[in-house]
Each structure stands twice: as C-alpha cells, then as structure tokens.
Amino acid sequence: MTTPVNAIELRGLRKRFGRTVAVAGIDLDIPVGSFYGVLGPNGAGKTTTLSMATGLLTPDAGSVRVYDIDLWREPSRAKPLLGVLPDGLHTFDRLTGAELISYAGTLRGLDPQVVRERRDDLLAALDLGNAATSLVTDFSAGMAKKVGLACALVHAPRVLVLDEPFEAVDPVSGAAIRTILQSFVASGGTVVISSHVMALVERLCDRVAIVGNGQVLAEGTLDEVRGDGDLERRFVELVGDVADQRDLAWLRHS
Amino acid sequence: MVATLLKLRWRILYHQFRRDWWRLLFVIAGAIWSLSVIPGLIIGSARISTESAAVRADAMLALGALFALAWIVVPLLATGVDDTLDPARFAPWGIEARRIMPGLAVAAFTTVPAIFFVGVAAVMGSVWRTESVAVYATGVVGALLTAASWVFSARLAALWGGRLIVSRTGRTTVIGTVVALLAAIVVGAVTVRRDGLESFIDYELASALKGLGITPLGAGFAAPRSLVEGDPVGAVVRLALTAGWAVLLFFAWRSAVTYTLVHPVMRGSGSRRRADAILSAVSSLNVMGKPRTPRMRMIAAVRQRTLRSWRADPRYLAQLVAALLLPTVGGGMAIVVAGGAGVWITVLPIALALGVGWGRHNDLAYDASAIWIDIVSGIRGRDVMAGRLLATLQWAAPAVFLACIAAVGSAGRWDVFAPVTATALGVLAASLGVSAVTAVTLPYRVPAPGESPFGADAGSIGASLIGQVVSSLGTGIVVPLVAAPLLAAFVWGNEWWVLSVVVSLVLGVTTSVLGVRAAGTLFEARSGKLIAAVS
C-alpha cells in the first residue's frame, strides 16, 4: 500500500451557525511531513475548520480525509492517526496533570506501562513537573495548554492538529514545544497549527493557508504566499487592515 | 447604578432570548402559571380571613415557614438561582460591592419567582383585611418584609453554598448539616409514630408554630395576631424583628458579594494528589484476577475520572446531596406516616434509586466541553457511557443498599429484605439506563466547571423541562415493570417473592445494558454536535 500524499484533505467544508456563515467552502491539501500554518483574523473560521477536521464539529457539507480515510464515515480508523489540541474548551479539571495524560493515553488504547513511561517523559519534556500532582483546575492558562499538548502527543499520532498551541505559553516552554514539533515533522509526522503570530509561523511552517470570512484567501509554501515581502504585510493585504484607524488621543498622558 | 444594572440585566436576557427564543416561551409559561394561581390564592385568603386570629396566624406561619425553606432548598438542590447578574461576573471591573448591591437587590426582585412570591406574601397579609386598618397594614407589611428575607436568603444561600462546597472542611459541614436534618426528620417521625399524627399536630406542631412566631422567620406573620390580642408592643417588636432580619440578610449577602468579587473563580483549593488514580485503576486486575483488556481499561479510566468528579467537583457534590436528601426525606416520611407496614417500606429505597437514576438524565452536560478528549480519542460511545454509569453505581448502589436495610429494619420485615433490595437495585440500574439515553439526546446547559453549582440561566428550568419530561416518560414506562412483581408479592405473597427478585434484577440489568448501548451509538452519531449542545 502506498502512503498517501496528503495527511489531511478538506473538500468543500461548510458550517453555518444560525445566520452566521463560519466556513464557506474550504478546500485544503495538507501534505504528509509538512509543518502547516493556518492563519486568519479573529472570527475567520480557523477554529471551526480545525474542529470539523478533527471530528469535534459536524460539517454542514464537505468531507475530511485523514491519510485517505474519511474521518466522518470511518472515525474509528481516522481518529487514531490524529493528535488534537483544541482551543477554548474545558478539560476534566478535577484530574491532576499526570492523570489527564494517563487518561488520554488509556483512551488511545495504550498499555498502562507505556502510558506511565510516556506520561513521565512528556511531563519532563514540557516542564510540567509541578503540574503532575496539581489539579488541572488550579493550572495557569499556559500550563493547561502544555498538558493539553501532552494529551495530543501521548499516542504518537501521525498528524498533530493544534489550535493556538503557543498561546499563553512562556518562552522557555515555547522553545521546548518548537523543538518537539520540529523533531516530529523531521521524523515524517505532520503538524497543523493555527496562530496569529506571524513571526512564529514564518519560523516554523513550510506551508501556510490564510483564511478570511470562512474561505481560503491564499495557500501554498511559505515563499509562495508571502512573495517578496513578509508574511504580515501579505496577511494584511489579503484580510484588509482595520477599517477605521481612529487616533485615541485621549489615551495619551502627555 | 440601579438603573444601569437593571438595564444590563434586561439586555442580557434580551440577547439570551434572541439566541434561544424558546426559553422565553417557558418564562412566559411560568408567568402565566403564576398568574393563574393568584385567583385561587385570593379565594383561599378570603375563606381563611373569616377564621379566628389564632387559626389565621398559625396557617400563615406554617405556609410562611414552608416558603422560607423552599426559597433556600429549591435553588440549592433543584434549579439554581437566576445568574444573569452573578456577582462573580463583576470581578474584572474592579467595582465595589456597595455600589452594585442596590442594583443587585432590585434585580433580585424582578425575577418571575420573586414577583410571584411577593404577590403571594401580599395575599397572605390580606387575610387580616377583616380587622382594623392597623392590623391589616401590619399583616401586609410583615408579610412583605418576610418575602424580602426569602429573596435575600436564596441569594445568600447560593453564594455561601458555593463557597462551602469548594473546601474539604466545607463539604464535611454540608454532610454534617444533611445528617442533622435527617436526624431532625427521624425524631419528628418517631414522635408521630409514638403519639399519632393528630397529637403531633395538636402539640408539637402547635408549639413549633408558636416558637416560630417569635423568630425572624415567622414574626412578620405573627405580628397582626399580637395586635388583635391587644399587644401592640409585641406587634411592633415582631415587625422590627422581621425588618431587622431582612436587613441582616442583605448585609450578609453584601459581605458574600464582596468576597466573591475578590475570589472570582471557584478552583480546586490548591490540593495535590501524588498517586495517579487513573493509572492505578486501569493497571489493577479485573474481578477474575486477570489483567484488563484495552476496552475494559478505557471503561475503567472513564469510571475513575467520573468518580473523581463525584468526589471533588462542587457541581457533582451538589447533585449528590440533592439525589440523596430529597428522596430520603420523602421516603422516610412515607414509612413513618404509614407506620412502616406492608408495601410502604419499599417507598424509601425505590424513591432513592429512582431519584439517583432519573437525576442522571443530564449527566453528560456536567462535563461540558471537556468531552472533546473522549470524542477525539475515538473511544466507543458505549464504553464512555458504561464508565459513567459504573461511576454512579459505585456510590449509589451502596446508598440504596443501606436504604433497604434502614427501611426493612425499621419495619422489622427482614423476611422481605432480598426482594426489596433486588427491586431497588433493579430500579436504580433501569433508571440509569434510561437516563444514559436522554443524557446524550437531550442535554441542557448546566453551570460550567468552575461556575457556581447553584446558578441557573433565566428560562433554564423550561429548557431542562424537555429532557426531564422525556426521561420521566422513559423511566415511567420501565420502572413499573421492574417494581410490579414486588408490589404483587406484597399483595399475593408466595412465589411472587422469588419472581420479584429474578424479574427486577434481569429487567434492571437488561435495561441498563440496552440503555448504555443505545446511548453509546447515539454518542458516536452525535459526536460532532455534543460539544455545542452541552456548552
């Protein structure tokens, strides 16, 4: 059996919430072994798209294929290939950090001994030593993000889909996460991240998609998308600048 | 600031109702129901206004005490208080409690239940309209002041309850209070059994009501009687006591709001747990002494993390107390009033089993969006639902078993212990099976993790109604089948006893297994809709 070219294929994805169209027909090919960045302004439909791509939100229309397996038709085959870190959702907050990772590992069908070893490795690699015995409810936002990432990694998936993985994470932990993700891609894994931080995306990703108003505005390798300038300028060109750039003179003290 | 807060409340409600317009229907239905009760109340008050002053005062005292209790118990154990203006939401604004309190107080009186009960209090005060103007005015003022204390006490109880249930010491206090309450019921019940109901009403209840009339809870309703009996000083003192109580509750509420504003998020009190309970549970051997299969490990993991919620999450603890307390009180009363004879001894354990089982009809919503971990893992839905059901069984089955011992023991009917226990456990299993299905199909919003366990959206009672009605119908169909052979055994005896054991256990286990399987299939089918449905 040949390995598919694309880790994830999105075709004609659509989602509407009442009168608001969140995703208006998105097509994306995310190649195996790529470090893929999904960029977009607030409310562009990034989280909705990633939720539909990971089995968390039923699309109104369209399909999601993970390693050529239809996620919504054969979830039991597709989901084991994915490691997911959603943004803005709760976790089982009365478990400790260690227990949450063990829980995620067990649900992925890992043997208890393997769970124990990987749990300890992840706690150390993500600098979560103190979090191991604290309840998730007492975590800072950055700690919660890191333990969520550990849960996504514990079963060594083929594809990581991470919604804002660096948000609220301190620089030291951020560097550790970057190293882990780059090493994961170097070994043949695929990473998809959403982010607002252009510098981070330029540093990490080899392919990007800029999403606005629920549609893909630009897609390709980093160089193809940013052209001659930098990514931020291209981003602003595509999604448009703040319409009313009002001067807040009253905010200045002198 | 009062106008600002009221506008804010109406604006929040307006947006809530625009988003979920059907909630408004339930609020309107609640308002119409409340209005429809008013004529009955007025007719009742007209009838009682012709009775003697003593009878009128006692009736109002008893009713008032019942309402006072309901205003504290119902928000804590059943529906929650309207949290549109939850003080915790003002925490980021750096605003002082004394600035928002007048607005919060006025807003507290603009909810449908508050408007209704202020109206009810006014009607209760009007039973004195056949007396002089002074007596009539005293009656109305006393009743309205008492109504104010009801509204304030609900707000205070929700804030204190939320604070109390977070800490371990607080939880011990709650359990202690529950035990004390149950002991009081038992004492009352034993007295009724010893002396009879009539004697209880004539002596104990009469003296309790007399005592109540000089406490802040009932003084407002007792004041007019003092005036009628030529004791104006007593009437003034009673009114002052009631007013003082309302003011005291207001300031206690203000103090609780002050605390909430600087302790905004309910957290885990910083406790640490060295052992990994999930790993211990999945590593342990199964009942046959063999290592667990991967599927059994997944079920054990879900069971273990749900059990942690039952032990440590204030929202689950509040439900646990409600699930144990309400049926136990009702069932206990039934045993005592019926003299513990015959079929009545089954009421306590079956009510408890039914209360716990039916109470899980919105089980999934309490995990809120945290269920993403289950969904993305690809775990089979039936394994998730089985783990959840087993976690509830782990504490509920022993509780039901103890209730069986208490019921059968108090009646001295150890000969029926096995069938009663089998039936109660069968009812528990069957109702949990039905609830598993509604938990997946008809979830409704509950306080999110970290929110007060005693908060409720406006119209949430209505929203919950659909899930509650459907689960009631399902339970109403299954449970009689489970319990019928036991009832037949009490009537006809003989082979029905054995049959009741077999039928209840078989039906209970079958319903719970089928319920879990159906709920699991629905969980998978609805996996892409569940997070939106519960959060």
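Helices here are DSSP runs of H or I, at least four residues long, numbered from the N terminus. Everything below comes from a predicted model.

**View 1. Here's A:L200, sitting in helix α7 of chain A.** Helix α7 of chain A covers residues 198-204, and A:L200 is found in it. Leave aside the neighbours within four places in sequence, and A:L200 is in contact with A:F166 and A:S195. If you hop 26 residues along the chain to A:G174, you'll find its C-alpha atom 10 Å from that of A:L200.

**View 2. Strand β8 of chain A is mostly covered.** This strand takes in residues 190-195, and six of its six residues are buried. A:T190, A:V192 and A:S194 point one way, while A:V191, A:I193 and A:S195 point the other way.

View 3. Strand β3 (residues 35-39) of chain A pairs with β8(A) in the parallel sense, over five bridges. Strand β7 (residues 159-163) of chain A also pairs with β8(A) in the parallel sense, again over five bridges.

View 4. On the chain A side, 38 residues are in contact with 40 residues of chain B. The elements of chain A that give two or more residues to its side are α2 (75-78), β6 (82-85), α3 (97-107) and α4 (112-125). Of these, α3(A) gives the most, with seven residues. Sort the chain A side by class and you get 18 nonpolar, 13 polar and seven charged residues.

**View 5. Over in chain B, helices α14 and α17 come together.** The axes of α14(B) (residues 347-359) and α17(B) (residues 417-441) come within 8 Å and cross at roughly 15°. The two helices are therefore roughly parallel to each other, since angles under 35 degrees fall in that class. Their crossing is right-handed. On the α14(B) side, the residues that meet α17(B) include B:P349, B:I350, B:L354 and B:W358; among those they meet in α17(B) are B:V420, B:V427, B:L428 and B:L432. The residues of this contact divide into 11 nonpolar, four polar and no charged.

Definitions and conventions:
Residues are numbered from 1 along each chain as its sequence is written. Chains are lettered from A and ligands numbered from 1 in the order in which they are written. This is a predicted model: local features need pLDDT of at least 70, side-chain atom pairs count only at pLDDT 80 or more; totals for chains, interfaces and linings use all residues. Axes are lines fitted to C-alpha atoms, for helices over the stretch in contact, and angles run from 0 to 180 degrees between N-to-C directions. Angles under 35 degrees count as roughly parallel, over 145 as roughly antiparallel, 65 to 115 as roughly perpendicular and the rest as oblique. A crossing is left-handed if the near helix is turned anticlockwise from the far one by less than a right angle, and right-handed if clockwise. Two residues are in contact if their C-beta atoms, placed from the backbone, lie within 7 Å. Ala, Val, Leu, Ile, Met, Phe, Trp, Tyr, Cys and Pro count as nonpolar, Asp, Glu, Lys and Arg as charged, and the others, Gly among them, as polar. A residue is buried if 20 or more other C-beta atoms lie within 10 Å of its own, exposed if 12 or fewer, and partly exposed in between; C-beta atoms are placed from the backbone. Two strands pair if DSSP finds at least two bridges between them.
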